[in-house]
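Here are a few notes to read alongside the model. Keep the structure open and look up each residue as it comes up.

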Amino acid sequence: MAVLTETERVYWRPRVDARRLTVRGRTWTTTTVAHTVPFLGTAALLVGLEPLAAPVAAVAIVHAWVIPDLYARRGANVLKPKPRADEAAERTSIGLLGDLVGHAARSTAARTGLVIERGALGVWVVGEAGAVLVAPGGRRAFCFCVSVRDPQLPSGDRIAHLLLALREDEAGFATVANLAFSGARWRVRRRLAPALRPALDEAARLAA
C-alpha cells in the first residue's frame with residue numbers, strides 16, 4: 001500500500017481511518033455544542049427572569065447561530081478559487097486535469113472548477129486549497145485544508161496535485177491535511193458560492 005511521504009512530517013498524528021474520522025466528527029460537534037449552549041441557556045434564563053429582556057436574549061441566540069456558521073465558512077473556504085494565473089496556463093492545466101478524471105467528474109469540473117472523487121472514507125470534492133469529504137450517508141462534511149507549495153501553479157495543476165495525493169494514499173491525505181470544519185453539509189453549502197454548490201450536491205448524492 002502506498003503511503004504519502006508527507007505523513008512523516010506529522011508523525012505525532014494517528015493515521016486516519018473511518019473510526020478515527022467518526023470520533024473527530026463527534027469531538028467537533030461536542031466542541032461546537034459547548035460553545036453555543038451557554039448562549040442559548042443565557043437567552044432562556046433572561047426571558048425566564050424578565051420577558052422584557054427578550055431583545056438581549058435574541059442577541060445571545062444570534063451568537064449561538066453565528067459561531068458554527070463561522071466555522072462552516074472557514075471550512076467552505078477550502079474550495080474557494082484562488083487568483084487565476086496566465087489564461088493560457090489555466091487552459092492547459094484544466095485540460096490536463098480532465099485527463100485524470102472520468103466523464104462525469106470532468107463535466108462537474110467544467111461547471112464548478114471542482115473534482116469529485118470516490119474514496120474509501122466517502123466522496124471527496126477536491127479544490128485548489130483543500131478538499132471536502134462527504135461522509136457516507138451524505139449528511140456530514142469534513143473540510144480539509146491543504147497547502148500546495150508553489151503558489152504560482154495554475155488552478156488545474158493545484159487540484160491535480162491534491163487529487164493524485166488523495167488517490168495515492170487517502171488515509172494519509174486525511175492525516176496530513178488540517179481539519180478546518182466538521183459538521184452538517186448544509187452549513188458548508190450555505191457558505192459556498194452558488195457556482196460551486198452543484199459539486200457538493202453531487203458528492204452528497206453519491207455518498208447517500
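How many salt bridges does the structure hold? The total is 10 salt bridges. Please keep in mind that this is a predicted model.

1. **D69 and R190.** Start with the salt bridge between D69 and R190, where the closest N and O atoms are 2.8 Å apart. D69 sits in helix α2 (residues 54-76) and R190 in helix α7 (residues 185-191), so you will have to look at distant parts of the chain, 121 residues apart, to find both partners. Are the two partners buried or exposed, or partly exposed? D69 is buried, with a relative accessible area of 5%, while R190 is partly exposed at 42%. The pair also belongs to a network of salt bridges that links D69, R187, R190 and R191.

2. **R167 and E117.** Next, find R167, which forms a salt bridge with E117; their closest N and O atoms are 3.0 Å apart. This pair too links distant parts of the chain: R167 is in helix α5 and E117 in strand β1 (residues 115-118), 50 residues apart. R167 counts as partly exposed at 39% relative accessibility, and E117 counts as buried at 16%.

3. **R158 and E128.** Helix α5 also holds R158, whose salt bridge partner is E128, with the closest N and O atoms 3.6 Å apart. E128 lies in the loop between β2 (123-126) and β3 (130-134), so this pair ties together parts that are 30 residues apart in sequence. Both partners count as buried: R158 has 10% relative accessibility, and E128 has 6%. As background, side chains of opposite charge can pair when their charged atoms come close.

4. **I159, also in helix α5.** Now look at I159, which lies in helix α5 and is buried, with a relative accessible area of 2%. Leaving aside neighbours within four places in sequence, which residues is I159 in contact with? They are L97, G113, V115, V126, G127 and E128.

5. **The largest nonpolar core.** This core has 51 residues. The members that touch the most other members are W124, V125, V126, V132, F144, F173 and V188. Which helix gives the most to this core? Helix α5 does, with 6 residues. Take V132 as an example: leaving aside neighbours within four places in sequence, V132 is in contact with V78, L79, V123, W124, V125, A141, F142, C143 and L200.

6. **Strands β4 and β5.** A141 and C143, both contacts of V132, lead us to strand β4 (residues 140-145), which is joined to β5 by 6 bridges. Do the two strands run parallel or antiparallel? They run antiparallel, and you can check the pairing at A141, which stands opposite G183 in β5. Strand β5 (residues 178-184) is mostly covered, with 5 of its 7 residues buried.

7. **The cysteines.** The count of disulfides comes to 0.

8. **T32 in helix α1.** Finish with T32, which lies in helix α1 (residues 18-49) and counts as buried at 14% relative accessibility. Where does a polar atom of the T32 side chain lie in relation to W28? The distance from this atom to the backbone oxygen of W28 is 2.9 Å. Not counting residues up to four places away in sequence, T32 touches P68 and Y71.

Terms used: Residues numbered from 1 in each chain as written. Predicted model: local features only at pLDDT ≥ 70, side-chain atom pairs only at ≥ 80, totals over all residues. Heavy atoms only, no water. Disulfide = S-S within 2.5 Å. Buried < 20%, exposed > 50% of the residue type's maximum accessible area, 1.4 Å probe, protein only. Helix = DSSP H or I, 4+ residues; strand = E, 2+ residues; numbered from the N terminus. Pairing = 2+ DSSP bridges. Core = buried A, V, L, I, M, F, W, Y, C linked by side-chain atoms within 4.5 Å. Contact = heavy atoms within 4.5 Å. Polar contact = N/O pair within 3.5 Å; in protein donor to acceptor, adjacent residues only side chain to side chain. Salt bridge = Lys/Arg side-chain N within 4 Å of Asp/Glu carboxyl O.
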